[in-house]
Amino acid sequence: MKLILLGPPGAGKGTQAQRLQESFGLVQLSTGDMLRAAVKAGTDIGKQAEAIMARGDMVPDAVVVGIIADRIAQPDAKNGYILDGFPRNVAQAEALDAMLAGKGDKLDAVVELEVDDKILLSRIETRAAQTVGGPRADDNAEALAKRLKVYHEQTAPLTAYYKSRGVLKGVDGMSDINDVTRQLEAVLGLTTKKGKLA
Ligand code: AMP
């Protein structure tokens, strides 16, 4: 299964992707995590991305599209993956479609975690307090405001993009964490009873 989790910063995409990874063996592919690892390792991409990420802006499309193209070609992504934080605009979505079409492949589903802006700041504050090793450089009120602006201007249009392609599903991302997982499994037709894909 090839899946995209859409939703604003702090919606719970990473948490839910990890749960799907554990229960169903789908690989979580988070461009944010990959970029943070590149920053930590001091690679060229990391050096290019560090300041952009800290202020809540988007890393150039060519960089993230290249990262994802390499990553989905790895053997562990063969049986399915969850894209978390990618695509983030229509150009990236089109690049992904072209990438998949080139392999004779397509997305199975896009699930939007629906969360109101007003609860995101407190979620980000909680995450900042709980992150082992200290908060992310962009988990603060100023960078969040920028990330939300970017989300509404560039990422939110993906809802219409995927709706028109008939693959969009919505989940209430404001209910409790286990309930969100249950809703996700339900809309995706996954079952935990067997611990594998239905
Ligand atoms: P995230 O962990 O998904 O919240 O991403 C953290 C930051 O990494 C974002 O605010 C961007 O600066 C950068 N980033 C992650 N994914 C992308 C993407 N698909 N396109 C552009 N920038 C990205």
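Here's a quick briefing on the ligand site and a few other spots in this structure. It's a predicted model, where local features need pLDDT of at least 70 and side-chain atom pairs count only at pLDDT 80 or more, while totals for chains, interfaces and linings use all residues. Residues are numbered from 1 along each chain as its sequence is written, and side-chain values use heavy atoms, with hydrogens and water left out.

**The ligand and its shell**

- There are 16 residues around the ligand, and Thr31, Arg36, Asp57, Gly85 and Gln92 come nearest (near means that a heavy atom of the residue lies within 4 Å).
- Split by class, that shell has six nonpolar, four polar and six charged residues; Ala, Val, Leu, Ile, Met, Phe, Trp, Tyr, Cys and Pro count as nonpolar, Asp, Glu, Lys and Arg as charged, and the others, Gly among them, as polar.
- Helix H2 (residues 31-41) gives the most to the shell, with four residues; helices (H or I, at least four residues) and strands (E, at least two) are DSSP runs, numbered from the N terminus.

- Valine 59 puts a backbone N or O atom 3.1 Å from a ligand nitrogen.
- For arginine 88, a side-chain N or O atom sits 3.0 Å from a nitrogen of the ligand.
- On its own the ligand exposes 480 Å², and the protein buries 96% of that (Shrake-Rupley areas, 1.4 Å probe; for residues, only the protein chains shown count as cover).

**A cis peptide bond**

- Most peptide bonds are trans.
- The one from phenylalanine 86 to proline 87 is cis, with omega near -5°.
- Proline 87 belongs to the loop between strand E3 (81-84) and helix H5 (90-102).

**Glutamine 183**

- Helix H9 (residues 177-188) holds glutamine 183.
- Leaving out residues up to four places away in sequence, glutamine 183 touches Val171, Asp172 and Ser175 (contact means heavy atoms within 4.5 Å).
- A polar atom of the glutamine 183 side chain lies 3.0 Å from the backbone nitrogen of aspartate 172.

**Threonine 159**

- Threonine 159 is part of helix H8 (residues 157-164).
- Again skipping residues up to four places away in sequence, threonine 159 touches Leu6, Glu112 and Leu168.

Definitions and conventions: A polar contact is a pair of N or O atoms within 3.5 Å; within protein, one must be able to donate a hydrogen and the other to accept it, and residues adjacent in sequence count only if both atoms are side-chain atoms.
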